[in-house]
Amino acid sequence: MPDNPDSPLQSLRRQLREHLHRHGRRSLGSPFLNALWNLTGPGPRADCLRRLAWHARHQKLTWPTSRGTRYAADLQQAARLHSDLATFAVPLDSLPEDSGQQLEAALVLLAACPDRRSALPVEIAEPHDTP
């Protein structure tokens, strides 16, 4: 998927960063963020988790232990086996069925990222991007 500034993936990246910045761990209880995560397809969610796990692969996870943090730790461990983001993938069939667990893992990993902007880059819409 090209990084169209108005794409659902760009919106998801933007909102994850914004909610974590403003609300910290309380972001997990955001109805808006949960709805956005659920409306975004499994492919973009897996891509988001892939980027976050790779960028946080050597960081300590600081959130309390839960199913989401255990999944985040598993993704981190898998990412450590790769020297390049391009070679790391999160298979769609490995995503937990519980979307809340996926979202929690994303927030846990994002919180651990040393550079959140690199982990989840967001394109800025320019006037010539829209018809």
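This is a predicted model: local features need pLDDT of at least 70, side-chain atom pairs count only at pLDDT 80 or more; totals for chains, interfaces and linings use all residues.
Before I start, one definition: a helix here is a DSSP run of H or I with at least four residues, and helices are numbered from the N terminus. By that rule, arginine 116 sits in helix α6, residues 116-119. I will come back to that arginine at the end.

The protein chain has 6 helices and 0 strands. In sequence order the pattern is α-α-α-α-α-α. The chain has 131 residues, and 44% of them are buried. If you take the contacts between residues with a separation of 6 or more, 73% of them join residues 24 or more positions apart.

Now the core. How many residues does the largest nonpolar core have? It has 34. The residues with the most contacts inside that core are Leu16, Trp37, Leu49, Leu52 and Leu109.

Helix α3 covers residues 42-55 and helix α5 covers residues 99-112. Their axes are 9 Å apart, and the angle between the two helices is about 30 degrees. Angles under 35 degrees count as roughly parallel, and that makes α3 roughly parallel to α5. The crossing of this pair is left-handed. On the α3 side, the contact is made by Arg45, Leu49, Leu52 and Ala53. On the α5 side, it is made by Gln102, Ala105, Ala106, Leu109 and Leu110. Sorted by class, that contact has 7 nonpolar residues, 1 polar and 1 charged.

Next, α3 with helix α4, residues 67-80. The axes of these two come within 8 Å and cross at roughly 70 degrees. The range for roughly perpendicular is 65 to 115 degrees, and α3 and α4 are therefore roughly perpendicular to each other. The crossing of α3 and α4 is right-handed. From α3, the residues in contact are Leu49, Ala53 and Trp54; from α4, they are Tyr71, Leu75, Gln76 and Ala79. This contact divides into 6 nonpolar residues, 1 polar and no charged.

Leu33, Asn34, Trp37 and Asn38 of α2 meet Ser99, Gln102, Leu103, Ala106 and Leu107 of α5. The count by class is 5 nonpolar, 4 polar and no charged residues.

I will finish with a few single residues. Leucine 109 has been named in the core and in the contact of α3 with α5. What does leucine 109 touch? Setting aside neighbours within four places in sequence, its contacts are Leu49, Leu52, Ala53, Ala56, Leu61, Ala72, Leu75 and Gln76.

Tyrosine 71 is in helix α4. Is tyrosine 71 buried or exposed? Its relative accessible area is 9%, so it is buried. Beyond residues up to four places away in sequence, tyrosine 71 touches Leu49, Val90, Ser94, Leu95, Pro96, Gln101 and Ala105. Tyrosine 71 and leucine 109 are 38 residues apart in sequence, and 10.0 Å apart in space from C-alpha to C-alpha.

Valine 108 is in helix α5. Its relative accessibility is 1%, so valine 108 counts as buried. Without residues up to four places away in sequence, valine 108 touches Leu61, Trp63, Thr69 and Ala72. Tryptophan 63 is 45 residues from valine 108 in sequence, while the C-alpha to C-alpha distance is 6.5 Å.

Last, back to arginine 116 in α6.

Note on methods. Residues are numbered from 1 along each chain as its sequence is written. Side-chain values use heavy atoms; hydrogens and water are left out. Axes are lines fitted to C-alpha atoms, for helices over the stretch in contact, and angles run from 0 to 180 degrees between N-to-C directions. Angles under 35 degrees count as roughly parallel, over 145 as roughly antiparallel, 65 to 115 as roughly perpendicular and the rest as oblique. A crossing is left-handed if the near helix is turned anticlockwise from the far one by less than a right angle, and right-handed if clockwise. Contact means heavy atoms within 4.5 Å. Ala, Val, Leu, Ile, Met, Phe, Trp, Tyr, Cys and Pro count as nonpolar, Asp, Glu, Lys and Arg as charged, and the others, Gly among them, as polar. A nonpolar core is a set of buried Ala, Val, Leu, Ile, Met, Phe, Trp, Tyr and Cys residues joined through side-chain atoms within 4.5 Å. Buried means under 20% relative accessible area, exposed over 50%, partly exposed in between (1.4 Å probe, protein chains only).
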